[in-house]
Amino acid sequence: MDKLGVFREGEYGGGGHHVRRLTPADLDSVAQVHVRAFPDSVLTCYGKAVVVRYYHYHLTGPLDCHALGVFTGSACLGFAFGGVFRDSMGGFVRENMTMLLRHVAARPWLLLQPKVFDRGRSLFRLFYRKRKVRRKRRTKPHQDRQYGI
């Protein structure tokens, strides 16, 4: 970054490391770093293909995301995703529901792991609650809401 806080791609700190913006072509390397760095995460349990899809959603989806990677040659050493991520997990799950269900069907033992089961249960509650709220909104006509000062 320069004095104004603007990112400039290039070499930093010597040693052949360079920082640059990530592209979809880098996501396989990003997934490898994720799997090595977070072997116990729920996302890693689903496999590398799901991890790639997760970061692809963040990089190219509707989110305001900025992603940087540190590379030596073509090898990714680390990465950072930053930005505004409103409902990013929910959006990812909605967009990739079929793929996720296929992965669970191929690995049913995942449901026996407490962290995977708990995450699935919390996502189910999130979606169920949103559908319930949407149904209530659809069935009730527009009402003036009272408010006070």
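This report walks through the fold, a helix face, the aromatic pairs and the charged contacts of a predicted model.

## Ground rules

Since this is a prediction, local features need pLDDT of at least 70 and side-chain atom pairs count only at pLDDT 80 or more, while totals for chains, interfaces and linings use all residues. Residues are numbered from 1 along each chain as its sequence is written, and side-chain values use heavy atoms, with hydrogens and water left out.

## Overall layout

The protein chain has six helices and four strands. Both kinds of element are DSSP runs numbered from the N terminus (helices: H or I, at least four residues; strands: E, at least two). Going along the sequence, you get β-β-α-α-α-β-β-α-α-α.

Of the chain's 149 residues, 30% count as buried. Here buried means under 20% relative accessible area, exposed means over 50%, and partly exposed is in between (1.4 Å probe, protein chains only).

Helix 5 covers residues 97–106, and its buried residues are Met99, Leu100, His103 and Val104. Seen down the helix axis, these fall within an arc of 135 degrees, so they line one face of helix 5. That arc is taken from the directions from the helix axis to the C-beta atoms.

What covers those buried residues includes helix 3 (48–60) and helix 4 (88–95).

## Aromatic rings

The structure holds six aromatic pairs. Rings of Phe, Tyr and Trp (its six-membered ring) pair if their centres lie within 6.5 Å; planes under 30 degrees apart are stacked, over 60 edge-to-face, and the rest tilted. One of the pairs is tyrosine 54 with tyrosine 55, which is edge-to-face at 5.2 Å centre to centre, with 75 degrees between the planes. Both of these tyrosines are buried. Ring pairs also tie Tyr54, Tyr55, Tyr57, Phe79, Phe81 and Phe92 into a cluster.

## Charges at work

A search of the whole structure turns up two salt bridges, each a side-chain nitrogen of Lys or Arg within 4 Å of a carboxyl oxygen of Asp or Glu. In one, the side chains of arginine 20 and aspartate 26 meet at 2.8 Å, N to O. Aspartate 26 sits in the loop between strand 2 (17–21) and helix 1 (27–37) and is buried at 8% relative accessible area, whereas arginine 20 is partly exposed at 22%. Neighbours within four places in sequence aside, aspartate 26 is in contact with Arg20, Arg21 and Phe71. Phe71 also turns up with arginine 20, whose charged end sits over the phenylalanine 71 ring, 4.0 Å from its centre; the test is NZ of Lys or CZ of Arg within 6 Å of the ring centre and within 35 degrees of the ring normal.

In the other salt bridge, lysine 48 meets aspartate 28, with the closest N and O atoms 2.9 Å apart. This pair links distant parts of the chain: lysine 48 is in helix 3 and aspartate 28 in helix 1, 20 residues apart. Lysine 48 is partly exposed at 32% relative accessible area, and aspartate 28 is partly exposed at 41%.

Conventions:
Contact means heavy atoms within 4.5 Å.
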